[in-house]
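Colleague: Could you take me through one part of this model in detail? I would like to hear about its charged side chains and the helix that goes with them.

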Amino acid sequence: MRGLRARRRPMSALSSTRHRLRWLGAVGLGLAAFFALDTSAALAATPPMRASDWKSIKQVIAAQRAALIAGDGEKAFGYATPAIRAQFGDADIFMAMVQLEYSALLTARYTEFLEGAVIDGLIVQPLRLVDADNSVRVALYTMEKQKSGAWRISGCRIGPSTIQAAYWRTEWHPSVSAIAGDP
């Protein structure tokens, strides 16, 4: 046994690196295959989306936003998935996070639901937010259907929009009247 150990040559740095790369490559291929199967399973598990599903999703998002604006943390927290509720623990922590990180949901002067989509098995409902300064953002909600059939919010990301809100003048202006055909 000692003779075998003595004859074993130490790996050079290059050989050791190649060995690690081969090992990582094999692990990477295994993970890629696993995630490909997992993604295809998620796609197969995604229920076909009907108009009534999208309507229910929009109602949940609107109800949570209304509860957030009203300061009703318990109600707003109830629209989150069990995983989100477990992550934050209680409604007070959830509300503090919303006020700190998602203030655009609270301050938007105008909102509009955009067309929802199923992307890689995720159900995504965009909500356009226009703030008082006419800045436009989009909140991307991810949704999950619960065993009970109720839709719950599993996440939200807010990003900038590619459009700008138009400024609307409420007072009379001669050039606007001329365009509208008024004398």
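Modeller: Happy to! In this predicted model, a salt bridge joins the side chains of Arg128 and Glu112, with N and O 2.8 Å apart. Since Arg128 belongs to strand 3 and Glu112 to strand 1 (residues 110-113), the pair ties together parts that are 16 residues apart in sequence. Glu112 has a relative accessible area of 30%, so this residue is partly exposed. Side chains of opposite charge can pair when their charged atoms come close.

The whole structure holds four salt bridges. Another of them links Asp131 with Arg137, where the closest N and O atoms are 3.6 Å apart. Asp131 sits in the loop between strand 3 (122-130) and strand 4 (136-145). With the cut-off for buried set at under 20%, Asp131 is buried because its relative accessible area is 16%, whereas Arg137, at 32%, counts as partly exposed. The side chain of Asp131 also makes a polar contact with that of Thr107, at 3.2 Å. Setting aside residues up to four places away in sequence, Asp131 touches Thr107, Ala108, Arg109 and Arg137.

Now for the helix. Asp53 forms a salt bridge with Arg50, their closest N and O atoms being 3.8 Å apart, and a network of salt bridges links Arg50, Asp53 and Lys145.

As for its dimensions, helix 3 (residues 51-70) has 20 residues and reaches 29 Å from its first C-alpha to its last, close to the 28 Å expected at 1.5 Å a residue. Gly71, with a positive phi near 80°, follows helix 3.

Leaving out neighbours within four places in sequence, Arg65 is in contact with Leu105, Ala108, Thr111 and Leu127. Ala108 is also among the residues that Asp131 touches. Between the C-alpha atoms of Arg65 and Tyr79, 14 residues apart along the chain, the separation is 9.8 Å.

Terms used
Residues are numbered from 1 along each chain as its sequence is written. This is a predicted model: local features need pLDDT of at least 70, side-chain atom pairs count only at pLDDT 80 or more; totals for chains, interfaces and linings use all residues. Side-chain values use heavy atoms; hydrogens and water are left out. Helices (H or I, at least four residues) and strands (E, at least two) are DSSP runs, numbered from the N terminus. The expected span of a helix is 1.5 Å times one less than its number of residues. Contact means heavy atoms within 4.5 Å. A polar contact is a pair of N or O atoms within 3.5 Å; within protein, one must be able to donate a hydrogen and the other to accept it, and residues adjacent in sequence count only if both atoms are side-chain atoms. Buried means under 20% relative accessible area, exposed over 50%, partly exposed in between (1.4 Å probe, protein chains only).
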